[in-house]
Amino acid sequence: MSAASDVGHHAQRQARWHYGEIAFWLIVLACGLAFPSRYLIMTDILRLALFAMSLDLILGYAGIVSLGHAAFFGVGAYAAGLLALHGIVKEPVLALIVAGLAAMVLGFATSFLVIRGVDLTRLMVTLGIALLLEALAERFSNITGGTDGLQGIEMQPILGAIPFDMFGKAGFFYSLAVLFLLFLFARRVVHSPFGLSLRAIKNNPLRAAAIGIPVNRRLIAIYTLAAFYAGIAGALFTQTTAIASLDVFSMERSADLMLVLVIGGTGYLYGGLIGAVIFRMLQELFSTITPQYWQFWIGLVLVVIVLVGRQRLHRWVLYVPNLIIRQIAGRKAIVAVPESDS
Amino acid sequence: MTAILTNLFDGVAYGMLLFVLACGLAVTLGLMNFVNLAHGAFAMAGGYVCMVLVNRMGWPFFAALPLAFVSSAAIGIALERTLYRHLYTRSHLDQVLFTIGLTFMSVAAVDYIQGSSRVFINLPAALQGQFDLFGVGIGRYRLMIIVICGLLTIALQMVLAKTRFGSRLRAAVDDPRAASGLGINVPQVFAFTFAFGCGLAGLGGALSAEILGLDPYFPLKFMIYFLIVVTVGGSSSITGPFLASLLLGIGDVAGKYYVPKMGPFVIYTMMIVILIWRPNGLFGRTAAR
């Protein structure tokens with residue numbers, strides 16, 4: 001077997017759906033049906049999961065460290081809010097796409113700034129862009145509502161048929177559908193040759209360029225796509241909560257997002273989804289113990305994760321599931337192990 | 001005309017303060033290539049120590065300042081020896097996560113101990129108010145800041161340029177491997193410099209309570225400013241961050257005065273433009289290795 005076909009074979013095997021993945025989505029759906037009183041928090045988790053998946057695309061697959069991912073979330077949120085408030089695009093699904101595209105345009109424009117320089121410069125530039133947008137949103141308070149945020153947003157029924165109800169049932173299944181569709185697309189992208197070339201860039205940009213991968217163009221493409229995802233997440237936030245306030249741009253949001261992804265693990269797409277569930281649960285737990293100071297415990301979790309080492313932690317977390325799956329499926333079937341970060 | 005001069009004066013005071021706050025970070029980034037986002041937490045610690053000593057225990061302000069320095073330096077060296085040390089060889093992502101975690105913890109801890117409202121340090125009467133110099137209004141407190149920070153800057157420059165420790169430090173910044181090959185104990189040099197940088201941040205925190213405002217969110221609010229100073233100034237010399245802080249200070253004060261609604265906008269735009277134009281900073285050679 002030649003090297004090329006070997007790589008192709010390996011990539012195809014990786015891309016195949018595992019039983020574990022199907023089980024994962026069935027469990028998510030079952031949760032939606034089993035806990036009808038918890039729609040609001042579950043919708044919140046789905047939104048966060050989508051947002052984290054967006055960061056995973058650039059951090060886990062392309063290795064871009066961003067502290068300002070909230071910029072795209074915020075643009076999506078305000079875009080969806082303004083579209084609904086002024087009745088420009090009334091239908092939520094269409095508005096969702098338009099909001100995502102707005103964030104995508106910003107992502108494309110700023111990607112040229114981000115691909116320059118190394119980690120620290122990227123960190124600063126992404127953070128700077130988010131802060132800039134926050135300042136802008138505050139400045140043009142006649143459009144954005146300033147610190148009060150956008151208020152009085154009335155959402156039309158989804159596809160003109162399913163109205164948003166006050167228990168958040170429609171919102172939950174709407175978010176779940178959006179998340180699942182976007183997940184399918186992301187999964188397709190990261191297992192395509194394009195996705196493989198991104199991993200090559202992440203591991204060694206110089207070598208990737210040497211074998212003929214157009215590094216900058218690939219980074220621009222994935223950054224733009226991630227911005228689209230983040231914009232959709234932001235738009236879902238506005239549509240399901242009917243508010244958009246200045247804190248959508250805040251640095252804490254970007255930092256929390258980083259934590260979500262770190263808890264779940266980067267580079268296998270499920271990291272953001274699992275991380276979102278654990279993060280929200282931790283947050284609930286800490287805020288019931290110490291309502292005002294939960295941030296301390298979140299910080300402690302971050303510090304401990306880094307000190308213990310993310311690799312080791314994920315091996316522990318996945319140890320039991322892998323043991324069970326190995327018993328059932330026999331062979332080397334395991335839950336995807338997160339890729340090593342350089 | 002006098003308004004311009006007063007603004008310039010305020011801007012210089014502000015810039016000097018930023019320099020004292022941020023120059024420790026320049027060393028951390030330049031020497032060990034370590035992204036320490038928790039730097040502001042050390043400054044906050046110094047500020048709160050000073051506040052407790054002056055307001056609660058009745059110490060004179062000038063006696064409390066050195067203690068702010070010492071306590072921040074002590075916290076700095078304790079953390080360096082126990083935690084930071086393990087992270088020098090890790091990826092930038094790990095360092096960012098770790099230091100953000102520390103920042104969150106410090107914010108919540110101070111909030112828990114001292115409450116979330118802004119605190120003020122009782123200043124001696126000699127430092128309050130302002131006087132006129134050829135029609136230019138000069139705040140006494142700001143004048144003191146310029147004097148203290150100016151002296152500190154000169155002292156730092158002298159230490160770096162003239163002493164044996166300074167040459168060791170410069171050697172370690174330029175090429176840590178070659179420096180350790182020459183028998184310089186690089187980790188020790190670094191630990192000492194780290195502690196000193198934290199101490200300076202603590203002193204800066206104590207001085208800045210009056211001007212920047214001191215509350216538990218200080219490390220988050222000013223993190224971006226410290227990072228701007230270091231990334232724009234570069235970390236290969238002390239003059240780079242110094243000029244960058246002055247630029248930032250004057251720019252920020254002028255921005256807030258002349259285009260009040262665009263305040264932060266000016267600073268962030270300036271930073272992004274400079275970073276795009278020169279990714280290694282205005283004066284830097286090896287700010288980001």
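Axes are taken here as lines fitted to C-alpha atoms, for helices over the stretch in contact. In the predicted model, the axes of helix α4 (residues 70-85) and helix α11 (residues 215-241), both of chain A, come within 6 Å of each other. The two axes cross at roughly 45 degrees, which makes α4(A) oblique to α11(A). The crossing of this pair is right-handed.

On the side of α4(A), the residues in contact are A:Phe72, A:Phe73, A:Gly74, A:Val75, A:Gly76, A:Ala77, A:Ala79, A:Ala80 and A:Gly81. They meet residues of α11(A), among them A:Ala227, A:Ala230, A:Gly231, A:Ile232, A:Phe237, A:Thr238 and A:Gln239. By class, the contact of α4(A) with α11(A) is made up of twelve nonpolar and seven polar residues, with no charged ones.

Helix α3 of chain A covers residues 39-59. At 1.5 Å a residue, its 21 residues should span 30 Å, and because the end C-alpha atoms are 30 Å apart, the model agrees with this expectation. Helix α3(A) is also mostly covered, with 19 of its 21 residues buried.

Between the chains, 34 residues of chain A are in contact with 35 residues of chain B. On the side of chain B that touches chain A, at least two residues each come from α4 (92-114), α9 (218-233) and α11 (263-277) of chain B. Helix α4(B) gives the most to this side, with 16 residues. The side of chain B that touches chain A contains 26 nonpolar residues, together with six polar and three charged residues.

Conventions: Residues numbered from 1 in each chain as written. Chains lettered and ligands numbered in written order. Predicted model: local features only at pLDDT ≥ 70, side-chain atom pairs only at ≥ 80, totals over all residues. Helix = DSSP H or I, 4+ residues; strand = E, 2+ residues; numbered from the N terminus. Expected span 1.5 Å × (residues − 1). Buried ≥ 20, exposed ≤ 12 C-beta atoms within 10 Å, placed from the backbone. Axes fitted to C-alpha atoms, helices over the stretch in contact; angles between N-to-C directions. Parallel < 35°, antiparallel > 145°, perpendicular 65-115°, else oblique. Left-handed = near helix turned anticlockwise from the far one by under 90°. Contact = placed C-beta atoms within 7 Å. Nonpolar A, V, L, I, M, F, W, Y, C, P; charged D, E, K, R; others polar.
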